[in-house]
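Biologist: Can you walk me through this model? I have the sequence open and would like to start with a single residue.

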Amino acid sequence: MKRIVKVLNPFLLVFIAVALFTGCENKYPNSIYSPNAKYNPDPVITDVQPKLALAGIDTVKIMGKNFSPNPEENTVYFNGKKAVIISASETELTVQAPNVPSDSVKIDVAVHGALLFAKYAPIKLEYASIEYGGFDDYMNASGLACDLSENIYVVLTTRKVLKVTPDGTQEDYGTVPFFIATGMKIGPGGYLYILRGNRTVYRIPPGGGAAQKFVPRISGRIYDLDFGPNGILYTAGKADSIFSVQPDGSFLGTAAYVDYSIKSVRVYDGYVYVAGEYNGTDTTIPKEGVWRNQITSTDGKLGNSELVFDWAAYAGENGPSILSITFSEKGNLYIGENRDNAITIYSPGTGSTRILYPGVIFPPTNYLSWGNGNYLYANRHNDMNASERRIMRYTMKVNGAPYYGRK
């Protein structure tokens, strides 16, 4: 059989190739750039204040020119993350710094109708909150105390007392005959005082070691403690009273709190403050709140109780409960909560409240202890959710009020 082979004309092959190439040519759109178009002047950044701010918390002012007075026509980025614009003018933008902590943050500003970005660098955004001390899901820590050297102390369920140094190093400091601490404070002479929610006050000697009974048996269960300016220890719980404990271990009930369950004790500016619940029948007393008693003598006697903050009215029915309290140097009361928010700040002078770092820090806040500067430490002790068991360190803009036991 003969095979028939047809050969195309070479001129025809060239024609086909040219046609195919021409037919596949890209059809690009006309350029959007028009040399006759009018654009707004490009924005310029001349300064940024402050150059050190808290990420996710602080407001930052961006000064310059050619911004839009309409906030929606400006876009601001911090290391590529969009910031919320609070106010705008042609020469100044006020924004909330996004939560992008870094030692070197670049700011970019775009204005609608302008071709180029304005750029500025660097500024620093600090962490407002960090997990501190290397704790994990398996380290169930309770209590919290801080000493003059900024070491913090907690009790583990292994019956160990753990010390965390300022560089975050964990050290075994002592032992206790129980699993959970309800209250801890550094006392005069460097002793670490610890409560377990029974009738005994324990303490560990300076330098560490085994806990010893300082007060073997108080007339009621005690949950928390703090020291006054004369070395008197004040403690309360479900004990029907605030007790004044002398340096020799003797004690006296000095203020009646019948039918109360006190969770937190703090001494500030000549008063003993207590926070907790009222379980009695007197309808004139809030079901939960903060009260105070004035220190009226050098041996620890107290005056009558005064309501400081009606927490039940503030939180509402089925609202969060108070777990801990402390004070800033300015006299604002910091209240640790079991849910909804981590910390509520109450200003006694004005009666106003605000939430500390909403969306950045989270409850529960079982124990609070201010350091010796602007760090506030919090223990998020949680028996039910291991992932929440962390020691936190919050960077504050104010210092804490004095802890008299540290002196």
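**Serine 324 and onward**

Modeller: Serine 324 counts as buried, because its relative accessibility is 4%; buried means under 20% relative accessible area, exposed over 50%, and partly exposed in between, with a 1.4 Å probe and protein chains only.

Biologist: Before we go on, what kind of model is this, and how are residues numbered?

Modeller: This is a predicted model, where local features need pLDDT of at least 70, side-chain atom pairs count only at pLDDT 80 or more, and totals for chains, interfaces and linings use all residues. Numbering runs from 1 along each chain as its sequence is written, and side-chain values use heavy atoms, with hydrogens and water left out.

Biologist: Fine. Where is the place of serine 324?

Modeller: Serine 324 is in strand E28, residues 322-327. Helices (H or I, at least four residues) and strands (E, at least two) are DSSP runs, numbered from the N terminus.

Biologist: What does the side chain of serine 324 reach?

Modeller: The backbone oxygen of threonine 365, at 3.0 Å. A polar contact is a pair of N or O atoms within 3.5 Å; within protein, one must be able to donate a hydrogen and the other to accept it, and residues adjacent in sequence count only if both atoms are side-chain atoms.

Biologist: And which residues does serine 324 touch?

Modeller: Not counting residues up to four places away in sequence, serine 324 touches Ser264, Tyr334, Ile335, Gly336, Thr365, Asn366, Tyr367 and Leu368. Contact means heavy atoms within 4.5 Å.

Biologist: Let's zoom out. How many helices and strands has the chain?

Modeller: Two helices and 34 strands. The radius of gyration is 32 Å, well over the 22 Å that the globule rule gives for 407 residues, so the chain is more spread out than a compact globule. That radius is taken over C-alpha atoms, and the rule is 2.2 Å times the number of residues to the power 0.38.

Biologist: What does the C-alpha trace span along its principal axes?

Modeller: About 120 × 70 × 45 Å.

Biologist: How much of the chain is buried?

Modeller: Buried residues make up 49% of the 407. Of the contacts with a separation of 6 or more, 48% are between residues 24 or more positions apart.

Biologist: Which residues is isoleucine 45 in contact with?

Modeller: Beyond its neighbours within four places in sequence, its contacts include Ile62, Met63, Phe67, Val109 and Tyr120. Leucine 192, 147 residues apart from isoleucine 45 in sequence, is 53 Å apart from it in space, C-alpha to C-alpha.

Biologist: What about the peptide bond from glutamine 49 to proline 50?

Modeller: That bond is cis, with omega near -5 degrees. Proline 50 sits in the loop between E1 and strand E2 (52-54). A cis peptide bond also joins proline 363 and proline 364, with omega about 0 degrees. Proline 364 is in the loop between strand E31 (352-355) and strand E32 (367-370).

Biologist: Switching to phi. What is the value for asparagine 79?

Modeller: Phi of asparagine 79 is positive, about 50 degrees, although the residue is not a glycine. Asparagine 79 lies in the loop between strand E4 (74-78) and strand E5 (81-82), and at 39% relative accessibility it counts as partly exposed. Aspartate 340, also not a glycine, has a positive phi near 70 degrees. Its loop runs between strand E29 (333-337) and strand E30 (343-347).

Biologist: Last one: where is alanine 255?

Modeller: Alanine 255 is in strand E23, residues 251-257. With 6% relative accessibility, alanine 255 counts as buried. Leaving aside neighbours within four places, its contacts are Asp240, Ser241, Ile242, Asn293, Leu302 and Gly303.
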